[in-house]
Amino acid sequence: MGEQARYEELIRQFSAFGAVKREMGRMMPSECPAGSAAVLTLLGRYGDMRMSKLSELLAVDMSVTSRHVAHVAERGWIERSPDPADKRSRILRLTPAGRSLLDQLSRRTCHMLAERMSDWSDDEVAQLTALMARLRASFDDTRAHDTRTHELRSHDTRTHGPDPRRPEPRPPAPPVHEQTTRTPAITQ
């Protein structure tokens, strides 16, 4: 029963963390909602990419990714150009205006976190960062396992059809990477 109580407290903390995300969202410019900030952040971190890769990194459906991309493209923050390897695909790339906005979002986010966590030591911030990355990786590992299980079952679906009692697993999220260029703004 002690283990259940430990996880119940963790669930309460997850719920409370929503307030942190909402406050971070309120400090973003109204024309750049969280999904748009996530697109800019990922393009800033990983560079030019196809829409399919962006969708994978966002861990959302392609239709959701398309809406986010359309929003940032309409504002001139990214450009979409034909992929030389596959003319049917587009390569997404930050524009100078997008890079400038990303820098602004990063500064705002870092300033707010520094202000709110001013009484935290560098070690405590590093520990929180490491634990959050580890938590995310634990969920990524679960999705990767679910996908491998799905791949094994798909052999059976060719002869027996899909099992309607089992929901389809989500694709695996990207592995956790150390950030090399900027602090992310708000991600989903």
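Let's start with the nonpolar surface patch, which covers about 460 Å² and is made by Phe17, Val20, Trp120, Val125, Leu128 and Met132. Two elements give two or more residues to this patch: α1, spanning 2-26, and α6, spanning 122-160. The largest share, 3 residues, comes from α6. Keep in mind, everyone, that we are looking at a predicted model.

Let me pick out one member of that patch. Val125 sits in helix α6, and its relative accessibility is 31%, so Val125 counts as partly exposed.

Now over to Arg93. You'll find Arg93 in strand β3, residues 86-94. With 26% relative accessibility, Arg93 is also partly exposed. What does the side chain of Arg93 pair with in polar contacts? One partner is the side chain of Asp48, at 2.8 Å, and another is the side chain of Ser81, at 3.2 Å. Asp48 is 45 residues away from Arg93 along the chain, yet their C-alpha atoms are separated by 4.8 Å. If we set aside neighbours within four places in sequence, Arg93 is in contact with Asp48, Trp77, Ile78, Glu79 and Ser81.

Last stop, Ser36, in helix α2, which runs over residues 34-46. Is Ser36 buried or exposed? Ser36 has 1% relative accessibility, and buried means under 20%, so Ser36 counts as buried.

Technical notes. Residues are numbered from 1 along each chain as its sequence is written. This is a predicted model: local features need pLDDT of at least 70, side-chain atom pairs count only at pLDDT 80 or more; totals for chains, interfaces and linings use all residues. Side-chain values use heavy atoms; hydrogens and water are left out. Helices (H or I, at least four residues) and strands (E, at least two) are DSSP runs, numbered from the N terminus. Buried means under 20% relative accessible area, exposed over 50%, partly exposed in between (1.4 Å probe, protein chains only). Contact means heavy atoms within 4.5 Å. A polar contact is a pair of N or O atoms within 3.5 Å; within protein, one must be able to donate a hydrogen and the other to accept it, and residues adjacent in sequence count only if both atoms are side-chain atoms. Patches are made of residues with over 30% relative accessible area and no salt bridge: like charges are joined within 9 Å, nonpolar side chains (Val, Leu, Ile, Met, Phe, Trp, Tyr) within 5 Å. Accessible areas come from the Shrake-Rupley method with a 1.4 Å probe; for residues, only the protein chains shown count as cover. A salt bridge is a side-chain nitrogen of Lys or Arg within 4 Å of a carboxyl oxygen of Asp or Glu.
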